[in-house]
Amino acid sequence: MTVGILTILTQASFATLLYTGPLEPSRGLGFLMTLAGAVVIGLVLTLAGSFPGTVGRPHELPIVILALLSTRLVGQLPTAHPQADPFATVLVMIAGTTFLFGLLSLLMGMGRAGNLFRFLPYPVLGGFVAGSGLLLAKGGLSVMLSSGGGGSDLPLLLQASSLHLWLPGVTFGLAMFLATRIWRSWLTIPAFLVIGLVLFHSVLALSGIELAQARQAGLLPAQALALSPQELAAGWPDLHRVGWGSLGRMIPDMLSVAFIASLGTLMNASAIEATIGRELDFNRDLKAVGLANLLAACVGSPAGFHSLSATSLPQHMGVRGRSTGLISSMLCLLALLGGQGLVNQIPYAITGGLLLFLGLSLLGNWLVDQRVFLSGMEYSILLAILLVMLAAGWMTAIIFGLILAVALFTFDYSRISAIRLILTGRTRRSNVDRDDAKTKVLERYGDSILILCLQGHLFFGTAHGLLRTIGRHLESRDHTNPHWVLIDMKRGSGIDASAINTFSRIKQLCDSYSVELILTAPSQQILHSLKKAKVLEEGREGIDWFQDLDHGLEYCENELLAFHAHTLPQEHHGIDLLLEAFNPAEEAARERLLGYLRHQEWPPGSIIIEQGSPPVGLHFILSGRVSVERRNRPEDPAIRLRTMDPGTCVGEISFYLRRETTASVIAQTVVCSLSLAIADLAELEDKDPAAAILLHKIVSRRLGERLILTNELAFNLSN
């Protein structure tokens with residue numbers, strides 16, 4: 001009941017704001033149309049919204065802008081279309097805006113675009129809403145002042161003769177605003193409305209002022225909002241006298257109102273989420289709002305959507321379900337069918353004060369309550385939009401706000417480095433296990449491989465940082481001066497024209513230092529763009545670019561090892577280095593250990609260990625190369641985990657844990673290995689503990705070396 005009565009009073013305020021000046025004779029019919037919209041929008045959102053307790057109605061956010069547009073449109077008609085009917089023209093504009101908003105919402109919901117509006121910067125959205133609150137408060141003052149026949153010029157505030165028009169309403173609106181911030185009870189607003197109405201009529205009765213005198217003085221509506229059937233028929237707009245030319249010029253403004261209403265819909269839906277503590281389906285709500293407004297346009301209603309206050313109020317009162325929305329809509333329907341006469345007794349101090357209260361509530365929320373959540377720059381943006389709306393109008397403010405949104409996004413995004421990680425070939429190795437001699441070479445000279453892992457979209461704001469970083473490393477004169485620059489683009493989402501130009505400059509810079517530039521994991525779009533810009537050449541895959549970082553890094557390591565090949569021992573993969581003794585006393589144990597190992601040879605393509613099979617043994621690679629691959633599902637393509645060169649061992653994890661193997665080991669070339677079966681390990685430990693201890697030391701050392709590399713990589717990734 002409370003929500004329904006508040007809805008009726010709010011729609012009376014909106015009708016008073018919308019239909020002023022030359023439109024005042026049609027205010028009664030306009031009020032009926034806003035009430036009809038409250039019925040339609042309320043029922044559809046209650047029944048079709050994602051939250052059953054949703055209460056919808058024509059909303060102040062689009063209405064305050066529609067009021068400005070209607071004033072401008074009515075002012076243009078006498079010159080552009082002298083024969084046009086102002087009410088019919090304004091009504092078509094309002095219904096057309098509601099239709100456009102409904103169509104936009106419906107298409108967005110069907111296209112599942114509800115979450116896109118979450119990307120609008122918070123301060124820009126706040127500037128729009130706070131500016132609308134300012135316009136709403138100004139509209140409330142205009143309602144009070146225009147009621148006395150003096151027009152809506154705010155300089156009338158300074159005239160003593162107009163004090164009786166605006167002072168009671170301003171006092172009422174300010175008092176209700178302050179009261180709601182002190183007493184956050186659901187009873188505060190209804191109590192103020194009841195007390196305000198009783199107090200007004202009590203003062204009239206005690207003063208001996210008749211209602212007719214009060215209407216003549218501008219304290220009560222002079223034009224009755226209750227219409228008889230004859231008056232309704234006589235006042236119905238003549239749609240043949242619409243000023244279509246002036247209306248056509250308003251289409252950009254109407255589209256802007258539809259856009260602002262979309263922002264308001266999703267903003268209120270987000271606020272309702274926080275209030276009720278559950279997630280809403282934005283796309284479902286957009287479709288419901290779209291359907292509701294398409295129907296509301298048929299009855300000439302302004303655009304509407306979720307009402308945050310009317311939806312959250314029942315939650316504070318402990319009411320759940322659809323009852324609130326249904327009862328509220330039924331009350332509006334009863335008022336529509338014959339109860340409007342009661343609204344004639346509502347003074348302008350109440351309707352204008354209610355508009356002032358709503359506007360101050362929006363301003364207070366964003367200028368005071370949200371201040372703690374906004375940085376200095378964000379708050380300045382909010383104030384800038386508010387001042388622009390006050391000085392140059394809402395359309396200019398919208399354009400200014402969207403420009404600020406783009407500028408703010410560009411500024412914030414450009415502060416995020418395009419480089420996610422900077423590593424070297426010493427701290428980030430390819431998935432190729434090599435013998436000790438090659439590993440030591442990579443440890444010593446690995447800094448000559450510079451690895452840059454990119455992230456996000458590379459554009460003019462972030463690309464130059466990549467160029468500066470590479471230039472700084474190339475210009476260094478210490479041992480870290482790179483010979484290979486490897487750029488991984490796996491997490492890069494795309495590049496623009498300026499970034500392509502930057503890559504051309506990076507290529508020229510690397511060439512000037514005789515440094516090889518290599519790209520890994522570029523998308524097809526990036527690859528096509530860089531080939532078109534001559535940064536990459538056709539037929540150079542496997543040299544200038546690779547499908548992933550692992551293969552690109554393997555290429556750089558092979559080049560580095562080839563450059564330092566003269567430092568490697570000739571028989572670096574012999575048995576002596578594969579099964580080394582840690583001290584002279586272990587030489588005899590090593591020889592006995594070799595007696596337990598079985599020599600095996602595997603042709604290319606052979607499966608040495610199959611994924612998912614029981615553990616069978618441990619294999620030391622004497623010669624050849626094997627790859628370790630894993631499939632998440634049998635039908636999935638194999639993923640290369642590691643490549644093992646001579647001097648390494650495979651199968652040790654399942655060998656010691658006695659678990660099914662987690663990956664397959666496949667011979668890439670002819671592979672010779674020394675193998676130890678699990679059954680032989682038990683015999684070795686029983687008959688020759690010294691040889692078994694040596695075996696465990698050899699394997700644990702290799703596991704430890706691999707763990708050190710993993711820990712070092714994890715440390716670099718975390719910094």
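The protein chain contains 27 helices and 16 strands, where helices (H or I, at least four residues) and strands (E, at least two) are DSSP runs numbered from the N terminus. The model is predicted, so local features need pLDDT of at least 70 and side-chain atom pairs count only at pLDDT 80 or more, while totals for chains, interfaces and linings use all residues. Residues are numbered from 1 along each chain as its sequence is written, and side-chain values use heavy atoms, with hydrogens and water left out.

Of the 719 residues, 52% count as buried; buried means under 20% relative accessible area, exposed over 50%, and partly exposed in between, with a 1.4 Å probe and protein chains only. Contacts (heavy atoms within 4.5 Å) show how the chain folds back on itself: among those between residues at least 6 apart in sequence, 80% join residues at least 24 apart.

Two strands pair if DSSP finds at least two bridges between them. Gly-617 stands opposite Ala-677 in E16.

The structure holds 5 aromatic pairs, defined for rings of Phe, Tyr and Trp (its six-membered ring) whose centres lie within 6.5 Å; planes under 30 degrees apart count as stacked, over 60 as edge-to-face and the rest as tilted. Among them, Phe-101 and Phe-305 are edge-to-face, at 6.2 Å centre to centre and 70° between the planes. This pair links distant parts of the chain, since Phe-101 lies in helix H4 (residues 86-110) and Phe-305 in strand E2 (residues 304-306), 204 residues apart. Phe-101 is buried, at 0% relative accessible area, and Phe-305 is likewise buried at 0%. Another pair, Phe-546 and Tyr-555, is tilted because the ring centres are 5.3 Å apart and the planes stand at 40°. Phe-546 is buried at 8% relative accessibility, and Tyr-555 is buried at 17%.
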